[in-house]
Amino acid sequence: MPLNGRVVTIHVLSADHRSVPLDDIARLSGATDLGPTLMRSLPHARGVMVLRTCNRVTIYVDTPASADPRALKDAVERELATAARTPRANVRLRHLWGRDGIVDLFATASGLESMVVGEREIAGQMRRAARTAWEDGTLSCDLGRAAERASAASRRVATETGLAGAGRSVVAVGLDMAAAHLGPWEATRVLIVGTGAYAGATVSALNALCASDVSVYSTSGRAREFAEGRGIGWVDGADLPTALTRADLVVTCRGLGSPILTRDMAAASGRTVVLDLALMRDTDNSVGSLPNVTLIDLPTIQASVPAADADALNHARTIIDEEVSSFERGLGARSMDPVVRHLRSRVFRIVEEEINRLGDAPLSTDDAARALRHLAARLIHNPTVLARRAGEESQQERYLEALGVVLGIDEAA
């Protein structure tokens with residue numbers, strides 16, 4: 001589709017829960033500085049945006065239509081393998097482009113491609129991915145518009161379908177599974193480790209469940225600020241062992257690649273349910289084998305997610321199709337902006353030339369009439385010449401059709 005004289009092609013290259021084990025996604029998620037690296041290494045890239053969630057690593061690349069999809073895929077996989085310190089042979093990304101890519105972008109932002117279909121956290125993660133790309137200088141106008149419109153589509157899906165209802169999130173499913181091993185929420189002592197998007201979603205979900213004894217710990221030093229903004233308690237590093245011993249439920253959602261909850265810490269904490277929502281695990285691998293710990297992690301949640309309502313899902317897909325079509329029409333309209341600017345510039349230049357011809361002397365009505373007729377003659381000169389040429393070449397119908405489109409002139413008249 002033309003845009004500013006070019007063609008919009010958004011490529012979507014993704015490793016997600018549908019085809020890649022979560023541990024492999026976690027390794028790929030460790031790739032740093034990926035957007036700027038791809039912008040430097042991909043010769044045709046106009047923009048790059050990287051989306052990381054608990055169940056995907058997706059790379060969006062804006063290129064001209066002339067870019068070779070196969071070569072692009074190979075280059076992205078090679079750079080991702082290098083950045084993630086993973087063998088090249090282990091990186092195989094799902095690749096979509098054109099309208100299919102835009103549909104996938106919109107569907108992803110709406111939670112339709114998530115591990116828990118309809119989850120709302122993904123919309124915020126998409127916005128953060130766009131903001132990070134903008135800060136890194138890798139967000140093209142086309143990618144920015146696509147992410148913004150995808151966010152609007154996600155709101156429509158949430159409003160017009162039942163997919164974003166109760167239980168439609170990784171956090172909600174995880175807490176529901178944890179509840180089977182806990183007493184009443186009102187009496188449950190909860191410690192959240194981390195202050196990111198999932199931590200905020202966890203606090204909101206716990207509030208809805210009437211859990212009142214909630215505290216947060218963070219190695220980043222943001223625990224107090226996070227807690228005060230949400231009306232919960234906070235824990236510093238010195239008090240962490242005591243807080244772990246006291247907690248009935250520990251929710252970890254840092255995902256920094258190193259465990260915050262070690263085997264020794266978990267063993268000393270007493271009877272505890274641990275809900276690890278981090279793609280790059282926050283708990284030591286052996287914690288789940290401890291007799292005093294019930295571990296619920298993302299693979300466990302993945303195996304237990306509720307099925308989406310088929311009618312609601314079909315409605316959501318219809319919304320996505322409508323939004324993508326509208327977005328594409330908008331791109332098509334903007335593609336003519338240079339033509340409009342050139343046309344306006346040409347016409348106003350002719351008008352200025354005619355004004356300069358008049359000089360500074362006062363004008364009579366006859367002078368003004370002659371000036372306007374002269375202007376009109378200049379404006380219709382080229383269309384007149386082309387009309388005669390169309391007649392000579394038996395192209396009358398094509399000319400009349402074009403005239404009707406450009407000037408709104410009725411062919412029959």
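The exercises below work through confidence, helix packing and an aromatic pair in a predicted model.

Residues are numbered from 1 along each chain as its sequence is written, and side-chain values use heavy atoms, with hydrogens and water left out. In this predicted model local features need pLDDT of at least 70, side-chain atom pairs count only at pLDDT 80 or more, and totals for chains, interfaces and linings use all residues.

**Exercise 1.** State which element has the lowest mean pLDDT and which the highest.

Solution. pLDDT is the predictor's confidence in each residue, from 0 to 100. The chain has a mean pLDDT of 84, and 92% of its residues reach 70 or more. Elements are DSSP runs numbered from the N terminus: helices (H or I, at least four residues) and strands (E, at least two). Over residues 1–6 pLDDT stays under 50, and the model has 22 contacts (heavy atoms within 4.5 Å) beyond four places in sequence for them.

**Exercise 2.** Describe how helix α4 packs on helix α6.

Solution. Axes are lines fitted to C-alpha atoms, for helices over the stretch in contact, and angles run from 0 to 180 degrees between N-to-C directions. The axes of α4 (residues 99–109) and α6 (residues 141–160) are 8 Å apart, at an angle of about 50°. Angles under 35 degrees count as roughly parallel, over 145 as roughly antiparallel, 65 to 115 as roughly perpendicular and the rest as oblique. α4 and α6 are therefore oblique to each other. From α4, L105, F106 and A109 make the contact; from α6, A146, A147, R149, A150, A153 and S154 do.

**Exercise 3.** Classify the angle between helix α2 and helix α3, and name the residues in contact.

Solution. The axes of α2 (residues 34–41) and α3 (residues 69–84) come within 10 Å and cross at roughly 140°. The two helices are therefore oblique to each other. L34, T37, L38 and S41 of α2 meet V76, E79, L80 and A83 of α3.

**Exercise 4.** Find the aromatic pair and say which helices hold its rings.

Solution. Rings of Phe, Tyr and Trp (its six-membered ring) pair if their centres lie within 6.5 Å; planes under 30 degrees apart count as stacked, over 60 as edge-to-face and the rest as tilted. The count comes to 1 aromatic pair. The ring centres of F106 and F327 are 5.7 Å apart and the planes stand at 55°, so the pair is tilted. F106 lies in helix α4 and F327 in helix α13 (residues 310–335), so the pair ties together parts 221 residues apart in sequence.
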